[in-house]
Amino acid sequence: MTRWVRGLRFGAVMCTIAALFSFPHSSVFAVRTVVVSGNRALPESEVLHWARLRTGIPLARIREEEVTAHLLRHPRIRTARVEFRWPHTVVLHIAERIPVLHVVVGDRVLVVDEEGVVLDGRGEDLLPLLVEFRVPPTPLGARLASPRLQEAVRALAALPEEGRHQLFLARLDPEGSLHVKLRSGPWVQVRLEDDLRTRLRTAEAVVRALEREGISVESVDLRFGDRAIVRPRGRTPMAPVE
């Protein structure tokens with residue numbers, strides 16, 4: 001009798017343990033709501049489509065790394081994190097890639113973020129960067145293959161918003177020099193390794209000083225250290241300005 005009772009108790013304990021392990025996998029804790037957090041330009045429906053989550057699946061069966069991997073395949077999603085809020089909710093935290101430039105390579109127009117990652121669609125009111133050399137085709141979600149082009153994108157993207165608004169156009173030549181056209185008119189030539197923000201301030205100071213003397217400036221070349229080579233409109237270049 002005692003052995004039979006012990007057997008019943010052991011069976012009850014094992015059933016309880018099995019129930020505890022299987023309960024989270026049951027429909028009692030199934031997904032009813034999926035919330036998207038952090039999206040700005042991306043519609044919630046698009047994020048949900050890429051996450052490949054469906055209602056009714058038990059939360060315990062969701063593999064966080066798989067959902068994250070699905071989301072990161074989207075060209076516009078920079079980071080993704082999955083949060084479970086028991087018993088019925090999943091929150092998808094994302095950070096989007098923000099378009100900063102139009103990169104024009106031949107007849108192709110690419111939209112890129114500050115890291116040079118190619119995004120889908122077209123941005124609005126973005127500074128165009130004309131590239132004067134061949135660049136290998138870059139698929140959506142990948143970084144531009146040219147290191148020089150990546151460096152130029154980083155330099156332009158690092159400018160404060162008011163600094164970018166002062167620029168009308170940028171060109172990257174085969175030698176790696178960056179030419180930017182100010183909205184006020186003049187071109188400014190700089191080296192990629194220089195601090196673009198500082199160089200633009202220098203160029204603006206030179207242009208203002210010469211305009212006070214009645215000289216209209218066509219371009220300011222700042223690729224030679226502390227010297228500025230100025231070309232007045234319709235004239236030969238002036239002697240370097242220290």
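Arg-52 lies in the loop between helix 2 and helix 3, where helices (H or I, at least four residues) and strands (E, at least two) are DSSP runs numbered from the N terminus. The model is predicted, so that local features need pLDDT of at least 70 and side-chain atom pairs count only at pLDDT 80 or more, while totals for chains, interfaces and linings use all residues. Residues are numbered from 1 along each chain as its sequence is written, and side-chain values use heavy atoms, with hydrogens and water left out.

The phi angle of Arg-52 is near 60°, a positive value in a residue other than glycine. Arg-52 is exposed, with a relative accessible area of 62%; buried denotes under 20% relative accessible area, exposed over 50%, and partly exposed the range in between (1.4 Å probe, protein chains only). Pro-87 belongs to the loop between strand 2 and strand 3. Most residues other than glycine have a negative phi, and most peptide bonds are trans.

The chain contains six helices and 12 strands. Of its 242 residues, 41% count as buried. Among the contacts in the chain with a separation of 6 or more, 48% are between residues 24 or more positions apart, a contact being heavy atoms within 4.5 Å.

In helix 3 (residues 64-72), the buried residues are Val-67, Thr-68, His-70 and Leu-71. These residues cover an arc of only 160° around the axis, which puts them on the same side of helix 3; the arc is that of the directions from the helix axis to the C-beta atoms. An α-helix has 3.6 residues a turn, so residues three or four places apart point the same way. The cover over the buried residues of helix 3 includes helix 2 (44-51), strand 2 (77-85) and strand 3 (89-96).

Arg-108 is located in strand 5 (residues 108-112) and is partly exposed, with a relative accessible area of 26%. Not counting residues up to four places away in sequence, Arg-108 touches Val-103, Val-135, Pro-136, Pro-137 and Thr-138. The side chain of Arg-108 reaches the backbone oxygen of Val-135 at 3.0 Å. The C-alpha atoms of Arg-108 and Pro-137 are separated by 9.4 Å, and the two residues are 29 residues apart along the chain.

Ala-142 is placed in the loop between strand 7 and helix 4 (147-157). With a relative accessible area of 25%, Ala-142 is partly exposed. Its contacts, not counting residues up to four places away in sequence, are with Gly-116, Val-117 and Val-118. Between the C-alpha atoms of Ala-142 and Val-118, 24 residues apart along the chain, the separation is 5.8 Å.

Arg-199, in helix 6 (residues 196-212), is buried, with a relative accessible area of 14%. Beyond residues up to four places away in sequence, Arg-199 touches Val-190, Arg-191, Asp-194, Leu-222 and Gly-225. Val-220, in strand 11 (residues 217-224), counts as buried at 0% relative accessibility. With the same exclusion of residues up to four places away in sequence, Val-220 touches Trp-187, Val-188, Gln-189, Ala-203, Val-207, Ala-228 and Ile-229. The C-alpha atoms of Val-220 and Arg-231, 11 residues apart along the chain, are 6.5 Å from each other.

The largest pocket holds about 250 Å³ of space. On a 1 Å grid over the protein atoms alone, a pocket is an open set of points where a 1.4 Å probe fits, with protein on both sides within 12 Å along at least five of seven lines, and lining residues have an atom within 4 Å of a point. Grid points are joined across faces, edges and corners, and a volume is the space filled by probe spheres set on the points. Residues that line the largest pocket include Pro-99, Asp-125, Leu-127, Glu-161, His-165, Phe-168 and Arg-183. Strand 7 (127-131), helix 5 (161-165) and strand 8 (167-172) each supply at least two residues of this lining; the largest share, three residues, comes from helix 5. The lining divides into seven nonpolar, one polar and four charged residues, with Ala, Val, Leu, Ile, Met, Phe, Trp, Tyr, Cys and Pro taken as nonpolar, Asp, Glu, Lys and Arg as charged, and the others, Gly among them, as polar.

Note on methods. Polar contact = N/O pair within 3.5 Å; in protein donor to acceptor, adjacent residues only side chain to side chain.
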